[in-house]
Amino acid sequence: MANSEQTVRLTAAQATIRFLVNQYSERDGVEQRLIAGAFGIFGHGNVAGLGQALLQNELDPEHDGDRMPYIMPRNEQGMVHAASAYAKTKNRLQTMMCTSSIGPGALNMVTGAATATTNRLPVLLFPSDQFANRRPDPVLQQIENPMTLAVSVNDAFRPVSAFFDRIERPEQLIPSLMQAMQVLTDPAATGAVTIAFPQDVQAEAYDYPLSFFEKRVWHVRRTPPEQAALDRAVALIKSARRPLIVAGGGVIYSEASAELRALARTTGIPVADTQAGKGAINWDSPQAVGGVGSTGSNSANHVAAEADVVIGIGTRYSDFTTASHTAFKQPDVKFVNVNVLPFDAIKHGAEMVVADARETLRALTEALADYRVEEEFAAQISQWKAEWDEEYDRNANRQLQPVPAQTEIFAALNDLMGERDIVINAAGSMPGDLQALWRASTPEQYHVEYAFSCMGYEIPAALGVKLAAPDSEVVAIVGDGTYQMLPMELATIVQENQKVILVLLQNYGFASIGSLSESRGSQRFGTQYQEGGATHRETGERIPGVDIAANARSWGVDVLEVSSVEDFRRAYRQAEASDRATMIYVETALKGPNPDSISWWDVAVPEVSRIESTRQARREYEEALKEQRFYL
């Protein structure tokens with residue numbers, strides 16, 4: 001540092017907040033604050049560090065340059081989910097920071113970090129750490145490792161973070177925060193950014209250069225396709241008789257939906273979507289064939305089975321998308337992958353185009369102006385779509401007694417919500433039914449976390465999404481199982497006066513894993529709310545246990561209990577008209593029905609067993625494995 005440079009004496013924590021309020025992202029000429037606000041749960045590790053810094057900012061925000069809005073959540077994992085959901089809704093151009101105390105508070109954030117990184121979503125985490133000076137040693141909540149004194153629980157963040165650092169001297173903050181901002185705004189490398197912050201260092205003062213706190217704009221790049229790579233991709237696509245586009249989350253994050261739809265119209269190439277990519281093409285487009293893979297529609301999976309060239313755009317090809325490497329059945333199927341991350345672009349031995357989705361789609365549309373799929377193939381696609389429309393109607397209008405199927409509730413909700421409203425879900429059987437049946441018209445409407453499939457995501461995500469999209473109706477679909485894992489952010493939603501709608505589907509068990517268990521010969525063991533877990537109601541009587549409706553009311557949420565699809569429709573309009581957070585509670589059938597599927601998912605079955613149902617499942621499993629392959 002030059003001696004003539006002006007400095008300001010701040011603690012490391014105070015410098016962190018002053019730096020963050022002056023960081024901006026920019027793409028396509030639009031600037032916005034990169035770190036929009038702070039979640040924090042305080043303990044001895046951060047209450048007098050980042051806690052004091054946030055208070056100081058609250059009392060005198062102009063001194064720092066701007067205000068860092070603060071929200072007090074209830075659970076460390078929950079606040080990271082809320083930050084991830086906020087970032088997803090903002091197409092990764094904005095996110096939130098999260099701070100926790102040391103030990104259990106920090107470790108609670110690890111699951112949230114993994115969820116963010118798996119979904120390629122930017123979040124900024126400040127778990128507090130043990131004393132760097134080691135005078136109080138071992139400090140309260142410190143885990144000691146006899147092999148080294150340099151390890152704390154925060155080292156558990158390393159494998160689930162896109163960037164990890166530990167600040168042991170206040171001046172280390174300068175390069176660390178700069179690198180953190182670079183990763184948060186890198187479309188290829190982003191994920192959870194974790195800066196472990198010893199509690200004594202948070203409170204230490206240093207003469208920071210004023211230039212460190214000047215407004216800084218981080219430009220989110222749009223990498224154009226290399227011409228040679230584009231030419232190879234175009235040649236391969238033009239050779240195809242039955243091509244298929246698989247649209248992933250990268251299309252939406254790149255804000256490339258209009259370009260995807262233009263390419264589909266120009267060429268007639270059918271478009272299937274992943275969980276993260278649903279809505280990138282409108283469901284009623286002639287080229288839209290629905291979700292692909294293990295939880296996809298039969299219309300998309302029929303096309304996948306016939307495809308000779310698969311064009312993946314912004315997808316990481318999870319095993320659900322590929323149906324555990326059985327979806328694309330043609331012996332000589334070839335792949336073209338468009339992705340900002342080479343790690344994903346090379347999958348299945350693809351012809352790689354390492355570039356931005358929007359820029360590449362524009363180039364492909366121009367280069368393929370003289371290409372059109374054969375009429376026979378287009379007619380076959382129309383037939384498969386019509387057959388799937390019949391399957392949709394079958395699931396949407398069951399009219400079961402004594403309780404409706406969840407697919408009926410989904411269909412009603414799909415009909416009731418507006419194009420700019422946002423539906424949220426994560427784990428269990430619901431994402432499968434939603435990917436197969438939900439009809440999304442816009443890229444904003446469908447918000448399903450299925451990369452990490454994290455139970456407990458939905459309620460905190462509703463908070464994050466509503467903060468990011470205050471003018472949209474935000475609807476989180478929550479099962480009774482996932483509700484019991486992480487309900488406490490309901491209190492935060494009420495505290496912050498955020499109007500969200502929660503749809504609680506009560507089936508007294510873990511329906512998804514129960515069904516999977518049954519299909520693999522394990523008879524739904526341990527998946528139902530009965531003593532021992534091995535049996536479930538076969539009649540309509542209510543099983544004694546947790547009263548979720550009463551529990552939700554205790555958090556301050558309005559609750560509407562309904563028992564039919566017609567009642568649900570009326571309750572939704574009532575919740576929509578309210579200005580308060582409202583839960584619609586409805587009991588649904590545990591055992592479906594669920595959409596018919598020609599697809600598969602690899603879940604290993606024991607080779608030997610004394611149980612006949614398991615032996616039969618093993619025989620079926622071995623038969624299914626014959627379809628599995630590596631796409632090389």
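Visitor: What is the strand order of the open sheet that includes S5 and S8?
Guide: In this predicted model, the order is S5-S4-S6-S7-S9-S8, six strands with parallel pairing.

Visitor: Why are strand S5 (70-71) and strand S8 (163-166) called edge strands?
Guide: Each has a single partner strand, so one side of S5 and one side of S8 are left without a neighbour in the sheet.

Visitor: What makes strand S4 (residues 35-40) and strand S6 (residues 95-100) a pair?
Guide: Pairing requires at least two bridges. S4 and S6 are joined by four bridges in the parallel sense, and therefore they meet the criterion. One of the residues involved is Phe-39, whose bridge partner in S6 is Cys-98.

Visitor: What is the order of the open sheet that includes S19 and S22?
Guide: This sheet of six strands runs S19-S18-S20-S21-S23-S22, with parallel pairing. S19 and strand S22 (558-562) stand at its edges; each has a single partner strand, so one side of each lacks a neighbour in the sheet. From one strand to the next, the twist averages 20°.

Visitor: How do you know that S22 and strand S23 (residues 582-587) pair?
Guide: The threshold is at least two bridges, and S22 and S23 have five, in the parallel sense. The pairing therefore holds under the definition. Within S23, Val-586 is the bridge partner of Val-562.

Visitor: Which strands does helix H17 (residues 430-437) touch, given that it packs on the sheet?
Guide: Contact means heavy atoms within 4.5 Å. H17 touches strand S18 (422-425), S19, strand S20 (474-479) and strand S21 (501-506). The direction of H17 makes about 150° with that of S19. Helix H18 (residues 458-468) also packs on the sheet, touching S18, S19, S20 and S21, and its direction makes about 175° with that of S20.

Visitor: What makes a residue part of the lining of the second largest pocket?
Guide: A lining residue has an atom within 4 Å of a pocket point. The second largest pocket, with a volume of about 470 Å³, is lined by 24 residues. Thr-89, Asn-91, Ile-252, Pro-443 and Glu-444 lie nearest its centre. Among the elements that each supply at least two lining residues are helix H4 (76-89) and strand S19 (446-448). By class, the lining has twelve nonpolar, six polar and six charged residues.

Technical notes:
Residues are numbered from 1 along each chain as its sequence is written. This is a predicted model: local features need pLDDT of at least 70, side-chain atom pairs count only at pLDDT 80 or more; totals for chains, interfaces and linings use all residues. Side-chain values use heavy atoms; hydrogens and water are left out. On a 1 Å grid over the protein atoms alone, a cavity is a set of points where a 1.4 Å probe fits but cannot get out, and a pocket is an open set with protein on both sides within 12 Å along at least five of seven lines; lining residues have an atom within 4 Å of a point. Grid points are joined across faces, edges and corners, and a volume is the space filled by probe spheres set on the points. Ala, Val, Leu, Ile, Met, Phe, Trp, Tyr, Cys and Pro count as nonpolar, Asp, Glu, Lys and Arg as charged, and the others, Gly among them, as polar. Axes are lines fitted to C-alpha atoms, for helices over the stretch in contact, and angles run from 0 to 180 degrees between N-to-C directions.
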